[in-house]
Amino acid sequence: MRIAQLELDLDHPRKALKHLRLVMLNDGESAEIWELVGLAWKRLGDEGKARRAWLEGTRLRASKSISSNLYIHKNLSESFAEAGDDESARRHRGLMHYEQGRLAWRKNDLQSAEVSFANATIDNPQQAASWFYLAETRRARNDREGARVAYRQSLLLNPSHGRAQRGLAILDSE
């Protein structure tokens, strides 16, 4: 994959695509590969193919410390905004904030995580996972009431979210 990134850096998107096809054949798909495929198509001026590549990448999780999912949603948000699809742009911007929050959470940067998860719930209020992680972050930062509100919203969206049920029960028992 480094060769494909180098080809993109040298502004050789066709060579990058050729290499990425080989990587996919030999190693399989990954969010990182689809991110680069989308960038290559964008550099070639085919926004539709770029968007389709990034949408393929959303099916896959990058490893917990890699930001490919964040960049895929950032690129999709920008692409949909340019196409005039504000609803899709906002949803992917929310997912981008969610991914930022996850990365900050894993680095134990709870302040940044809380800001990112809060932004995710504003842009994509129907995503239960953003509300859940906002609740978890608030609970870790000793904001019990804020955590309760976020757990309840997560459970409104997904009543069988076991971890949200457990988190709310812990707060209610204190």
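How many residues apart are arginine 148 and glutamate 145 in helix 9, and by about how many helical turns are they separated? This report on a predicted model takes up that question and then turns to other charged pairs.

## Arginine 148 and glutamate 145

Arginine 148 and glutamate 145 lie three residues apart in helix 9, which covers residues 144-157, so about one helical turn separates them. Their side chains meet in a salt bridge, with an N to O distance of 3.8 Å. This value lies within the 4 Å cut-off by which such a pair is counted as a salt bridge.

The two partners fall into separate classes of accessibility. Arginine 148 has a relative accessibility of 17% and therefore counts as buried, because buried means under 20%. Glutamate 145, at 47%, counts as partly exposed.

Aspartate 172 counts as partly exposed, at 46% relative accessibility.

## Lysine 74 and glutamate 78

Helix 5, residues 68-82, contains another pair, lysine 74 and glutamate 78. These residues form a salt bridge in which the closest N and O atoms are 2.8 Å apart. Lysine 74 and glutamate 78 are four residues apart in the helix, so the separation is about one helical turn.

How accessible is lysine 74? With a relative accessibility of 31%, lysine 74 counts as partly exposed. Glutamate 78 is likewise partly exposed, and its relative accessible area is 37%.

## The structure as a whole

How many salt bridges does a search of the whole structure find? The search finds 13.

Where is aspartate 46 placed? Aspartate 46 lies in the loop between helix 3 (31-43) and helix 4 (47-57). Its relative accessible area is 26%, so aspartate 46 is partly exposed.

Aspartate 46 and arginine 93 are 47 residues apart in sequence. In space, the distance between aspartate 46 and arginine 93 is 21 Å, taken from C-alpha to C-alpha.

Notes. Residues are numbered from 1 along each chain as its sequence is written. This is a predicted model: local features need pLDDT of at least 70, side-chain atom pairs count only at pLDDT 80 or more; totals for chains, interfaces and linings use all residues. Side-chain values use heavy atoms; hydrogens and water are left out. Helices (H or I, at least four residues) and strands (E, at least two) are DSSP runs, numbered from the N terminus. Buried means under 20% relative accessible area, exposed over 50%, partly exposed in between (1.4 Å probe, protein chains only).
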